[in-house]
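Please look over the following model before reading on.

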Amino acid sequence: MAMEQGSPLGGLSNLGKIPELRRRLLFTLGMLIVYRIGAHVPTPGIDPQALAAFFSQQQGTLLGMFNMFSGGALSRLTVFALGIMPYISSSIIIQLMTTVVPKLETLKKEGESGRRKITQYTRYGTVVLSIFQGFGIAYGLESMQAGTLPVVIEPGWAFRIMTVITLTSGTAFIMWVGEQITARGIGNGISLIIFAGIVANLPVALVKTLQLARTGDLQPLFVLLLLMMSVGVTAFIIFMERAQRRITVQYAKRQVSSRTMVGGESTHLPLKVNSAGVIPPIFASSIILFPVTIANFAPWDWMKELAVYFSPGHIIYMVMYAAAIIFFCFFYTAIVFNPDETAENLRKYGGFIPGIRPGRKTSEYLDKILTRLTFVGAFYVAGVCLLPEILIANYNVPFYFGGTSLLIVVGVTMDTAAQIQSFLLSRQYEGLLRKAKIRGRNG
């Protein structure tokens, strides 16, 4: 296992010296500001005070997780209340279907044209999921009350249709904003939108922590230890996210003409420790919290009592959550990386792993290495995601530190910094090529 050489933050002092990069950064910032403004535009027909009181009771449910990813937009039921989650769900569904539907699998192998077609299907799926989720939210809100105050001022089909149109349009607009950031800005637009929603809650959590320390509810030494632990856990996540096993690949020499030989070079195949990313904890929490959320709306007391055992903070929930994360790490890694396909591509282009026979032996070797890496990565992801549950349950930490949100924040930050670094390097090489051409003409 090795670390990728070169810091993605290197050379960022030159950000303001390249006009195109400066324009891209300003465009990205402007789009994120638009997103945050829309996250405060309320949907008509809702009593905001009753809605806030209701969501204060939904911490630790599926609604609470969706609210975190939307940056608090769901608890305010703004036009961006659904956030980007329908797009993520649609992307995951399409990605899973590419392994079982022959037509989608063929499109996946067709290159850029196939990718555009899959992206189009993902957009359609996003709209369909948004309509269903928007109707479910509108229908559910009509029966919700905070004490004696109803959340919906005037229930009925007019409210349901208006809410579905509003929320679906909001998600479609967020999807468009994300694609614009990816095309005209810097970084992955969808990831940056999730990043912005999570980071928007950090100042509130910090202020709340400082207030508890000032009133004596939290000891100053404990707050200091918490901050030191935050830095340590963040550094550990950065290390694990960049950690990889590099497998040496040698390419045989091939003669393409009477005078030309190609190949013979040596490179490496990088296998990340955490190949599945943040998908496993999202899957795991959604599957476990969905029955809990349904049980909270059920009229039977026994279901609500049973839901307590599967709520965050309880030992049964933690065990099931960790087991589900480990399972989905192996499951999703098997989907995104196919050892048979990789071994076949290596053989097709004359590549081989020294000491390993091409074909089936190479596939078995890659599968063995990937299984070991995934084992380490699965326990790493499970440990990071259980950290906030342990802190909240045992030490009454007032904010949700760690878990999926921290993995997303660190991953998106590293990815964006790496893309900026790549942009700077590409412009540097272009400058060197232009200078070489000028020298050649002068010579």
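The questions below go from the whole chain to single residues.

This is a predicted model, in which local features need pLDDT of at least 70, side-chain atom pairs count only at pLDDT 80 or more, and totals for chains, interfaces and linings use all residues. Residues are numbered from 1 along each chain as its sequence is written, and side-chain values use heavy atoms, with hydrogens and water left out.

Student: How many helices and strands are there in the chain?
Tutor: Helices (H or I, at least four residues) and strands (E, at least two) are DSSP runs, numbered from the N terminus. By that rule the chain has 17 helices and 8 strands.

Student: What percentage of the residues of the chain count as buried?
Tutor: Buried means under 20% relative accessible area, exposed over 50%, and partly exposed in between (1.4 Å probe, protein chains only). The chain has 443 residues, and the buried part comes to 42%.

Student: Is valine 319 buried or exposed?
Tutor: Valine 319 has its place in helix 14 and is one of the residues that make a nonpolar surface patch of about 930 Å². Areas come from the Shrake-Rupley method with a 1.4 Å probe, and for residues only the protein chains shown count as cover. With a relative accessible area of 53%, valine 319 is therefore exposed.

Student: Which residue has its backbone oxygen 2.7 Å from a polar atom of the side chain of threonine 374?
Tutor: Threonine 374 is in helix 16, residues 360-395, and counts as buried because its relative accessibility is 5%. Leaving aside residues up to four places away in sequence, threonine 374 touches Val273, Cys329, Phe330 and Thr333, where contact means heavy atoms within 4.5 Å. The backbone oxygen that lies 2.7 Å from its side chain belongs to leucine 370.

Student: What is the distance from the sulfur of cysteine 329 to the nearest cysteine sulfur?
Tutor: A disulfide is a pair of cysteine sulfur atoms within 2.5 Å, and by this rule the count is 0. Cysteine 329 is in no disulfide, and its nearest cysteine sulfur, that of cysteine 385, is at 8.4 Å.

Student: What is the relative accessibility of cysteine 385?
Tutor: Cysteine 329 counts as buried, since its relative accessibility is 2%. Cysteine 385 counts as buried too, at 0%.

Methods: Patches are made of residues with over 30% relative accessible area and no salt bridge: like charges are joined within 9 Å, nonpolar side chains (Val, Leu, Ile, Met, Phe, Trp, Tyr) within 5 Å. A salt bridge is a side-chain nitrogen of Lys or Arg within 4 Å of a carboxyl oxygen of Asp or Glu. A polar contact is a pair of N or O atoms within 3.5 Å; within protein, one must be able to donate a hydrogen and the other to accept it, and residues adjacent in sequence count only if both atoms are side-chain atoms.
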